[in-house]
Amino acid sequence: RGAATRLLLLLAAPWLAGAAPKFPLPPLRTPVQLATSARRGAEAKVASEAATPHVLAFFASEGFAEVFRDCCPEAAKLSPRALLESLRAEVRAAEYAHAFPVATHAAHAGGHHFNVKLGEEYKFLLNSYQAAVDYDATNHSGPSPAPPPRPKNFTDPGPLAEEQIFGLPPFANESKPTWAEASDRMNYVAQNMRRLNFGSVPMFGDATFIFDNDYIKDMILTAPLDTGLWEMVCNHSYVGFTPPYKFNCPAWPRPQTLGTWDHFDHTILTNLDVWRLKLNGSRTSIYEEARKFFERSPFGGDYSTLPNVTSFDVAKYWETNIAGNVRFPEGVRFLIGSFVPLFGTQDGRTLQTFAQTFGWPLVWAFTEFMEVQNPSSASAALNQSYVLNERAVDPTMEGSVALNATFPADAKASFNALWASVEEHRVNATNGQWIEWWKTLSGSQVRVAPSTASSCGGSQLCIGSELKSGTCICKMKGHAGQASAATMAIVV
C-alpha cells in the first residue's frame, strides 16, 4: 500500500504543480482597471444619490405596493426606507457568479473561454481575451502574422461594450491584443438576486464560480442588464442581428452610468424599466417586472417554494463585472456543477479535481435541461419556465466536508453508487430518468439554498443554508483551503 501511494504521488506531482504558465501573473488590479474603477465609481456615487428619492417614491407607490403585498407579504410591512436598506444589504450579500466550460469543447458560446485546464495552469481567472492570447501562443509554434485591424463595421458586442460603456481603452490591434492589454479587461459576472440554483446562465458553461464578495467588492462595475444584449438590441452594433423583442432602451440613456458595490441605487429602477418589452404594440408594466424580481429574491421567502422563472427572466440579471484578475483559491467561495451535462462524466471528474485542488466546496444543481433547450421563438422563450431551486452538496470533496454540515452516514457511498449508475446509463437516459437520478441525489445529500443577508448575514464563510432547518452551512475555522498532496494522492 505504501508503494502504491508513493507511485500515485509521483504521478500526481506534475499535475499538482500545474503546467508552467506561458505568460506572467498579472496584477490583481492593473493601473488601467484601478483608474477605470475610480472614474466610474465617482460617477456612480453621483447617480446613485440622485436616484435614491426616485427609488423611495417607487417603493411608496400604490402600483408597487399592490404587487409587493402579493409576492412578499412579510417584506411588504417595511417602510420604503427600510425596504431600500434591506435591498441594499441583500444585493451585497447575493451571489456573484461566473459560468465557465469545464473543458474547451463544452463552451456553448463562441470565442475563447476560461476552462479548468487554464485555471490549473495559471491559478487565476483568465478573462476571454487572456484565454485567446494563451490559445494563440499554444497553437502556433512560431510567431504568427498579425491579423488586420478591426474593420469599421466590426460587430463583436463584447469589445464595444467594454470600450464604450465601461470606458476601457481599445487595444492597439483590436484583433490581436497583447497579454498586458488583455489583462486590463474584465470577467463577466451575473449577480444572482433571483436565487437561480446554477447562479448564472447555463449557456455560458456547465460550471459556475461563486466569488468571495469581500474579495471582489472593490473590483465590481455594475450594468443594469447584459451589456452584450444592450449592444445588440439597443445600440444596434451587431450587424445583421434582428432582435425578436424590443427593450425599453431609453431607460438606460447615454452616457451609460455604471454602479459599484457602494453605489447602485440608480441600477434598481433601470433594471426593471429596461425589461419592459414591447409586446402586441404596448409595453409591459414596470410593476410586473418588480414582482418577477422580488418574488424570486430573498424577500420572496422560502427557497423550496419559489415560483417558476422563465428562461427569459433568467437573463435579467445585473451584470456585475470584475475589473481585476481574481486569484485562486482566495477569490472563490465555492463551485457549482450542472448535474445533467457533468454528473457521471470525465468532465465531471475534472471539475471535482479542480475543486479538490483549491479546497473549494462543490455543489450540484439541476437546471432542468435548460442547457439543451432551444426555444423556437421569442414567445417560447418568454413562456418556458423552470423551478431552478435544487442544489445538493458533493460529500466527496475536502472543501465540502470541511463545512459544518451534517452529512448522512452513507452520503459518500450513496453518491459514488449513483455516479457509477449514471456513468453506465447516461448515454441513452431519458429526461424522466434524469429526474429520478436527481431525486436520488438530493434525497441522500445535504440540500442548500443560497445564503442571504437575512439568513447568514452575508458571511463569506458560508455557501448557503440547509434547506429544511435554515442552518447556515459554513467553512469551519482552521480549514486550510487547498488540498495537500497526500490528500490528492488518496483521492486519485
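1. Let us start with two terms: helices (H or I, at least four residues) and strands (E, at least two) are DSSP runs, numbered from the N terminus. Axes are lines fitted to C-alpha atoms, for helices over the stretch in contact, and angles run from 0 to 180 degrees between N-to-C directions.

2. A word on what you are looking at: this is a predicted model, where local features need pLDDT of at least 70, side-chain atom pairs count only at pLDDT 80 or more, and totals for chains, interfaces and linings use all residues. Residues are numbered from 1 along each chain as its sequence is written, and side-chain values use heavy atoms, with hydrogens and water left out.

3. Now find helix 2 (residues 31-60) and helix 4 (residues 80-93), whose axes come within 9 Å and cross at roughly 115°. That angle makes helix 2 roughly perpendicular to helix 4 (65 to 115 degrees counts as roughly perpendicular). The crossing of helix 2 with helix 4 is right-handed, a term for a near helix turned clockwise from the far one by less than a right angle.

4. Next, some backbone details to look up. Most residues other than glycine have a negative phi, and most peptide bonds are trans. R254 and P255, however, are joined by a cis peptide bond with omega about -10°; P255 lies in the loop between helix 10 (227-233) and helix 11 (265-274). The bond from F328 to P329 is also cis, with omega near 0°, and P329 sits in the loop between strand 8 (318-322) and strand 9 (332-338).

5. R195 is not a glycine, yet its phi is positive, about 55°. You will find R195 in the loop between strand 2 (190-191) and strand 3 (207-211). Its relative accessibility is 7%, so R195 counts as buried (under 20% relative accessible area, with a 1.4 Å probe and protein chains only).

6. Finally, confidence: the protein's mean pLDDT is 88, and 86% of its residues reach 70 or more (pLDDT is the predictor's confidence in each residue, from 0 to 100). Over residues 142-154 the pLDDT is below 50. Where pLDDT is low, the predicted coordinates should not be read in detail.

Note on methods
Parallel < 35°, antiparallel > 145°, perpendicular 65-115°, else oblique. Buried < 20%, exposed > 50% of the residue type's maximum accessible area, 1.4 Å probe, protein only. Contact = heavy atoms within 4.5 Å.
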